[in-house]
Amino acid sequence: MTIQWVAVATFLYAEIGLILLFCLPFIPPQRWQKIFSFNVWGKIATFWNKAFLTIIILLIVLFLDAVREVRKYASIHTIDKSSTSKLGAYEHTQMKLFRSQRNLYISGFSLFFWLVLRRLVTLITQLAKELSNKGMLKSQAENTNKAAKRFMEENEKLKRILKTTDEEYTLETENKKLVEDQEKLKAELKKTLDALFKAQSDVMTMKTQSERLSKEYDRLLKEHSELQNHLERDNKKGL
């Protein structure tokens, strides 16, 4: 195996190892996201796309070269098999055909796993971001629920305060109304007492006048009796 194919085979083994490492179930995507966030990856990120395209081009070239070699030695193998050549030449052609097929598989799987590896890294990064966003959304939802509960409690407190304020306002209004009614009753009572005092004064006046009239009537009766007696005595004397 030449140096280039040793390098491609080593690259293939490294790809398989990385893919198996990325597929380990006990390493969460967040851990890979932290590893991908190292400063060293940020420094080589500018060269990553160029290196990725360069490796793809090299692998495609090697794959096409391997396809060409396979087709070349496959046609020679058909010709040698149909002809009566030496056994050593036939075995040599078989060996080169096997190497070409081996190189075809190595380059083909290297190209395929390289694309898979790139896609796998992208999916792990996206999954880690989604999980992080999920955690943030969950935290925001919990904070929103707590805020909603706190607002509901404050709303209940405000309702109780408003209810108490309304009751106090109602009591104050009723007290004012009672005070006004009491003032009206006091005014009416004063008017009634004044009327009573006036009626009592009128009664006393009428009683005084009645007593005077009674005395005057008694006096007049007395005078009338005296006059009548006097007239009777005068009549007796004249006879």
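1. A search of the whole structure, which is a predicted model, finds two salt bridges. The residues involved are Asp65, Arg68 and Glu69, which are linked in a network of salt bridges. The points below describe this network and then turn to the chain around it.

2. Asp65 forms a salt bridge with Arg68, and the closest N and O atoms of this pair are 2.9 Å apart. Both residues lie in helix 3, which covers residues 39-82. Asp65 and Arg68 are three residues apart along that helix, about one turn.

3. Arg68 also forms a salt bridge with Glu69, with 2.8 Å between the closest N and O atoms.

4. Asp65 has a relative accessible area of 27% and is partly exposed. Arg68, at 44%, is likewise partly exposed, because that class lies between the buried limit of 20% and the exposed limit of 50%.

5. From the N terminus on, the order of elements is α-α-α-α.

6. The UniProt record, an unreviewed entry, lists residues 5-27, 47-67 and 104-121 under "transmembrane region". In the model, residues 5-27 are 78% helix and 0% strand, with 33 Å between the end C-alpha atoms. Residues 47-67 are 100% helix and 0% strand, and their end C-alpha atoms lie 30 Å apart.

7. The chain has 239 residues, of which 15% are buried. Its accessible surface comes to about 19,700 Å², and carbon and sulfur atoms account for 64% of this area. Among contacts with a separation of 6 or more, 82% join residues 24 or more positions apart.

8. On confidence, the mean pLDDT of the chain is 78, and 86% of the residues reach 70 or more. Among the elements, helix 1 (residues 3-22) has the highest mean pLDDT, 86. The lowest mean, 71, belongs to helix 2 (residues 29-36).

Definitions and conventions: Residues are numbered from 1 along each chain as its sequence is written. This is a predicted model: local features need pLDDT of at least 70, side-chain atom pairs count only at pLDDT 80 or more; totals for chains, interfaces and linings use all residues. Side-chain values use heavy atoms; hydrogens and water are left out. pLDDT is the predictor's confidence in each residue, from 0 to 100. Helices (H or I, at least four residues) and strands (E, at least two) are DSSP runs, numbered from the N terminus. Buried means under 20% relative accessible area, exposed over 50%, partly exposed in between (1.4 Å probe, protein chains only). Contact means heavy atoms within 4.5 Å. Accessible areas come from the Shrake-Rupley method with a 1.4 Å probe; for residues, only the protein chains shown count as cover. UniProt positions are given in the numbering used here, feature names are shortened, and annotations may be inferred rather than shown by experiment. A salt bridge is a side-chain nitrogen of Lys or Arg within 4 Å of a carboxyl oxygen of Asp or Glu.
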